[in-house]
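Reader: I would like to go through this structure with you and ask, for each label you use, what value stands behind it.

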Amino acid sequence: MMTDNILEIRKLGVRFRTDTGITNALNDVNFDVPRGKVTAIVGESGSGKSVTANCIMRLLQPPGEIVSGSIQFNPSRTESFDVVAIGERDPRIYDLHGGLISMVFQEPMTALSPVYRVGNQVAEAILCHRDVSKDAAMVEAHDMLRRVGIPDIDTRIQMYPFEFSGGMRQRVVIAMALVCNPEVLICDEPTTALDVTIQAEILTLIKDLQEELSNSIIFITHDIGIVAQIADYVVVMYQGRVLEIGTVRQVLKDPLHPYTKGLLAAIPGNVPKNVRLSTIATAVGDADITTPFPLKEVGEGRLVSLP
């Protein structure tokens, strides 16, 4: 029976062994990703957002290691399975890398090869996961590049990534991520390297494609404005822990955790003119945000880590 959640993360723990000792990157992380919705993960740098995404796709590399917990994946096309429990040689790992789950990275040039044409790179994503001919893959690549808004397709499909602007390159990366129709799309701060105008276009594109393809999106960001624009649900993280979960309206209109309140208080538009901007430390004040408390349900679908 299909559940309402495409992903169910429970008690996920990750640590990194370094020369200076062991760093616990994730500590008992718990949250769900509803099917067909956009779930935003917010928090400052180092809170564990990208590490969580890498665990979902089994991209975590040494010295990082998953030490506890489970990630239950409930795709509609195959049987459910625990991402953490499957072995490195399990064929389902291949499906996590671009088939059932795809990722759009922060910097498009790190996801694109400079020596291959754009069309060939999008077509390769199809050939890696589906049994089709090269000609059929190129036709599908052509169609997907058109859907993400690349103009003059017949010419552009033969060009190299360095001949594209930053916004156009990000559109190509989105096309590569969506061309196999994944059930989960992870966007790891995909607009950080873009200017504000192009950022708005990319966000609109992602939201429109999500509604068209009916997939689920995990959107990682530290920009509360983006969360308000694109998300249905919000997961707030700090120091490798989940502090608050709720709908975007619940979290942004009525934050319960002091850290969430601090994040919102630090937004420039939320303070009067000639008033110094708050930092997290000043906004939180004496509130204890470092002591871990278990998540408690405080309303329908609303969870918060408070004593």
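**Pockets, cavity and backbone**

Author: The second largest pocket has a volume of about 480 Å³, and its lining is made up of 19 residues, of which His97, Gly98, Ala111, Ala125 and Met176 are the closest to its centre. Please keep in mind throughout that this is a predicted model.

Reader: What makes you say that the second largest pocket lies between domain 1 and domain 2?

Author: Domain 1 (5–100 + 182–304) and domain 2 (112–180) both give residues to the lining of the second largest pocket, and therefore the pocket is placed between them.

Reader: Which helix gives the most to the lining of the second largest pocket, and how do the residues of that lining divide by class?

Author: Helix 4 gives the most, with five residues, while strand 6 (101–104), helix 4 (118–129) and helix 7 (166–178) each supply at least two. By class, the lining of this second largest pocket has twelve nonpolar residues, six polar and one charged.

Reader: Which residues of helix 4 are called buried, and what do they pack against?

Author: The buried residues of helix 4 are Val118, Gly119, Gln121, Val122, Ala123, Ala125 and Ile126, and they pack against helix 5 (134–147), helix 6 (153–156) and helix 7.

Reader: Why is valine 139 called exposed?

Author: Valine 139, which lies in helix 5, has a relative accessible area of 58%; exposed means over 50%, and valine 139 is therefore classed as exposed. Between valine 139 and valine 298 there are 159 residues in sequence and 50 Å in space, taken from C-alpha to C-alpha.

Reader: What is the volume of the largest pocket, and which residues are the closest to its centre?

Author: The largest pocket has a volume of about 630 Å³, and of the 30 residues that line it, Asn30, Phe31, Ile245, Leu295 and Leu303 are the closest to its centre. Two or more residues of the lining come from each of strand 1, strand 2 (21–34), strand 9 (233–238), strand 10 (241–247), strand 11 (295–299) and strand 12 (302–305). Strand 2 has the largest share, with six residues, and the lining as a whole has twelve nonpolar, eight polar and ten charged residues.

Reader: Why is asparagine 5 counted as buried, and how do you know that its side chain makes a polar contact with the side chain of aspartate 32?

Author: Asparagine 5, in strand 1 (residues 5–18), has a relative accessibility of 17%, and because buried means under 20%, asparagine 5 counts as buried. The polar contact with the side chain of aspartate 32 is at 3.4 Å, and the cut-off for such a pair of N or O atoms is within 3.5 Å. Leaving aside neighbours within four places in sequence, asparagine 5 is in contact with Asp32, Val33, Pro34, Arg35 and Asn74.

Reader: What makes the phi of aspartate 28 worth a remark, and where is arginine 58 found?

Author: Most residues other than glycine have a negative phi, and most peptide bonds are trans. Aspartate 28, in strand 2, is not a glycine and has a positive phi, near 50°. Arginine 58 is found in the loop between helix 1 and strand 4, and just after helix 1 it takes a positive phi of about 55°. Arginine 58 has a relative accessible area of 15%, and since buried means under 20%, arginine 58 is classed as buried.

Reader: What is the omega of the peptide bond from proline 62 to proline 63, and why is helix 1 called mostly covered?

Author: Omega is near 10°, and the bond is cis; proline 63 lies in the loop between helix 1 (49–56) and strand 4 (64–73). As for helix 1, six of its eight residues are buried, namely Lys49, Val51, Thr52, Ala53, Cys55 and Ile56.

Reader: How many cavities of 30 Å³ or more does a search of the whole structure find, and what lines the largest cavity?

Author: The search finds one, and the largest cavity has a volume of about 40 Å³. Its lining consists of Val42, Ile224, Val234, Val236, Val251, Leu252, Thr260, Leu263 and Leu264, and helix 11 has the largest share, with three residues. By class, this lining has eight nonpolar residues, one polar and no charged.

Methods. Residues are numbered from 1 along each chain as its sequence is written. This is a predicted model: local features need pLDDT of at least 70, side-chain atom pairs count only at pLDDT 80 or more; totals for chains, interfaces and linings use all residues. Side-chain values use heavy atoms; hydrogens and water are left out. Helices (H or I, at least four residues) and strands (E, at least two) are DSSP runs, numbered from the N terminus. Buried means under 20% relative accessible area, exposed over 50%, partly exposed in between (1.4 Å probe, protein chains only). A polar contact is a pair of N or O atoms within 3.5 Å; within protein, one must be able to donate a hydrogen and the other to accept it, and residues adjacent in sequence count only if both atoms are side-chain atoms. Contact means heavy atoms within 4.5 Å. On a 1 Å grid over the protein atoms alone, a cavity is a set of points where a 1.4 Å probe fits but cannot get out, and a pocket is an open set with protein on both sides within 12 Å along at least five of seven lines; lining residues have an atom within 4 Å of a point. Grid points are joined across faces, edges and corners, and a volume is the space filled by probe spheres set on the points. Ala, Val, Leu, Ile, Met, Phe, Trp, Tyr, Cys and Pro count as nonpolar, Asp, Glu, Lys and Arg as charged, and the others, Gly among them, as polar. Domain bounds come from an automatic or database domain assignment.
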